[in-house]
Amino acid sequence: MMFELARQRLAPVFDLLDINEEVMIRLSVPKRTIVANIPVRMDDGTLRVFTGYRIQYDDTRGPTKGGIRFHPDVDMQEVTSLSFWMTVKCAVAGLPFGGAKGGVTVNPKELSLMEIERLSRGYIRAFADVLGEKRDIPAPDVYTNATIMGWMADEYAMIARRQEPGIITGKPLHLNGSKGREFATGQGALFALQEYLEHYKPSSEQMTIAVQGFGNAGFHFARIAQQCGYRVVAISDSQGAIYDPKGLNVLDVHRLKQEDNRLASVYCDGSVCNELDYETLSNEALLELNVDVLVLAALENQITEQNAHQIQAKTVLEIANGPVSPDADQILEAREIDVIPDVLANAGGVIVSYFEWVQNRSGMYWEEAEVEQQLKKIMVKESQSIFDHAKKHKCSLRTAAYVHGVERLAGAIDQRGNHKLFKSV
Ligand code: NAD
């Protein structure tokens with residue numbers, strides 16, 4: 001069902017573009033789907049088996065690329081949808097990659113760090129045959145991080161009996177990671193938002209922002225946005241939300257969350273919490289705040305037909321993958337709420353992952369300023385192309401982004417030969 005909804009986004013694109021129907025056939029199904037049951041020895045000596053997935057959706061434009069998610073809701077539908085979005089995203093960003101995604105159905109919060117290490121290494125042992133810096137290159141996603149990527153790269157090196165740092169991106173800096181990768185998704189989303197504002201709302205000042213999800217992507221977005229002078233008035237995580245119309249201090253909130261590992265610590269009774277005095281909200285209420293920009297940086301399907309009518313933000317920025325359902329898209333469009341789509345807004349992560357892969361393969365490492373400058377160049381250029389498509393086709397930014405990505409994918413698929421070519425031989 002979820003994947004069905006994800007690929008529905010292709011239909012309006014094929015209505016707008018004069019594209020060979022073989023492209024539609026190719027892009028409607030994943031190229032390769034692999035499931036593995038991964039045995040993990042737990043700290044108490046017992047054995048548990050976790051189901052892991054790797055889906056390589058399309059590799060016409062290059063080796064496949066996509067993160068690995070550790071979450072209890074991971075299943076085939078979710079990973080397939082995420083791998084489809086990665087395919088479109090890499091094309092939107094003009095990267096020489098196809099799309100893939102991986103995941104394990106697990107609640108990592110119930111595992112010890114050593115159990116997570118064993119699971120991470122087990123994942124690589126299960127899928128090593130189909131991975132490689134010229135085949136399929138994973139990266140972090142929800143509840144996986146640089147440390148886990150480091151373990152995974154190490155496990156791959158042991159299996160392959162050679163160092164191949166380009167096998168995985170989002171690694172720690174001291175293990176051949178790239179400067180700037182940690183905050184690339186948040187930084188890239190801000191570049192996309194700034195381009196959008198310049199293009200569509202040049203007079204916006206004193207903008208207010210609410211951010212759903214305060215992990216890697218949401219935190220760095222909020223931090224950099226605040227540094228740039230925007231007012232971040234609300235933040236949520238899986239435990240709850242906090243709100244201050246005058247603006248939150250993002251770094252203080254982050255420090256407290258690090259200490260206690262949940263935003264609830266900011267508003268619990270006693271200790272430092274009382275000093276901050278922020279109002280608390282439910283996660284649902286945060287989504288319905290009257291703000292200029294609502295940033296979705298948690299999980300899929302957060303705005304659906306159930307709550308789309310209640311959204312009061314003027315613009316929605318999708319840092320998470322698939323946070324607005326297709327039904328909700330239509331409602332928001334009718335209400336003239338622009339959605340800056342995931343395949344553009346969160347592309348900063350895979351763009352700097354690409355830079356990391358380039359650095360690993362060349363052996364030359366870049367300064368942070370270089371990474372940021374190159375990231376900005378791509379985000380600005382691709383955002384402008386999408387705004388041009390939206391104007392030309394009189395369509396939503398999402399459809400425009402898909403048009404942009406699918407044109408590149410169609411070009412690559414067509415160049416390998418199509419019905420017209422082979423019929424004439
Ligand atoms: P993360 O694990 O670092 O953080 C996820 C955050 O979402 C956590 O703060 C969690 O508490 C919060 N959350 C979970 N359920 C929530 C709910 N119902 N309401 C509010 N908050 C909730 O993950 P991340 O890497 O920041 O990824 C977040 C999203 O961004 C995902 O959809 C991911 O696919 C997407 N994304 C991330 C990157 C990246 O480089 N990190 C790149 C592209 C896309």
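Author: A residue is called buried here when its relative accessible area is under 20%. The structure above is a predicted model, and 57% of the 425 residues of its chain count as buried.

Reader: Which secondary-structure elements does the chain have, and how many?

Author: The chain contains 18 helices and twelve strands. Its radius of gyration is 21 Å, close to the 22 Å from the globule rule for 425 residues, so the chain is as compact as a globular protein of that length.

Reader: What box do the C-alpha atoms fill?

Author: Along the principal axes, the C-alpha atoms fill a box of roughly 75 × 60 × 40 Å.

Reader: What share of the contacts join residues at least 24 apart?

Author: The share is 69%, counted among contacts between residues at least 6 apart in sequence.

Reader: With which side chain does Arg54 make a polar contact?

Author: The partner is the side chain of Asp136, at 2.8 Å.

Reader: What about His71: in which strand does it lie, and is His71 buried or exposed?

Author: His71 lies in strand S3, residues 64-71. At a relative accessible area of 10%, His71 is buried because that value falls under the 20% cut-off.

Reader: Which backbone nitrogen lies 3.1 Å from a polar atom of its side chain, and which residues does His71 touch?

Author: The backbone nitrogen is that of Asp73. Leaving aside residues up to four places away in sequence, His71 touches Val104, Thr105, Val106, Val142, Tyr143 and Leu299.

Reader: Now the helices. Which residues of H13 are buried?

Author: Helix H13 spans residues 326-334, and its buried residues are Pro326, Ala328, Asp329, Ile331 and Leu332.

Reader: Where else is phi positive in a residue other than glycine?

Author: Asn176 is one of these, with phi near 70°. Asn176 is placed in the loop between H6 and helix H7 (184-200), and with a relative accessible area of 33% it is partly exposed. Asn301 also has a positive phi, near 50°. Its place is in the loop between strand S10 (293-296) and S11, and at 34% relative accessibility Asn301 counts as partly exposed.

Reader: You mentioned H6. What is the place of Thr147, and how far is Thr147 from Phe127 in space?

Author: Thr147 is in helix H6, residues 146-160, and counts as partly exposed at 42% relative accessibility. Thr147 and Phe127 are 20 residues apart in sequence, with their C-alpha atoms 19 Å apart in space.

Reader: Is Ile351 buried or exposed, and which residues does it touch?

Author: Ile351 is buried, at 1% relative accessibility, and lies in helix H15, residues 347-362. Not counting residues up to four places away in sequence, Ile351 touches Ala93, Leu95, Leu375, Ile378 and Met379. The C-alpha atoms of Ile351 and Ala192 are separated by 13 Å, although these residues are 159 residues apart along the chain.

Reader: Lastly, where is the place of Trp366, and which residues does Trp366 touch?

Author: Trp366 is in the loop between H15 and helix H16 (368-393). Beyond residues up to four places away in sequence, Trp366 touches Lys179, Phe355, Val358, Gln359, Val371 and Gln374. Trp366 and Lys171 are 195 residues apart along the chain, and their C-alpha atoms are separated by 15 Å.

How values were computed: Residues numbered from 1 in each chain as written. Predicted model: local features only at pLDDT ≥ 70, side-chain atom pairs only at ≥ 80, totals over all residues. Heavy atoms only, no water. Helix = DSSP H or I, 4+ residues; strand = E, 2+ residues; numbered from the N terminus. Rg over C-alpha atoms; globule rule 2.2 N^0.38 Å. Buried < 20%, exposed > 50% of the residue type's maximum accessible area, 1.4 Å probe, protein only. Contact = heavy atoms within 4.5 Å. Polar contact = N/O pair within 3.5 Å; in protein donor to acceptor, adjacent residues only side chain to side chain.
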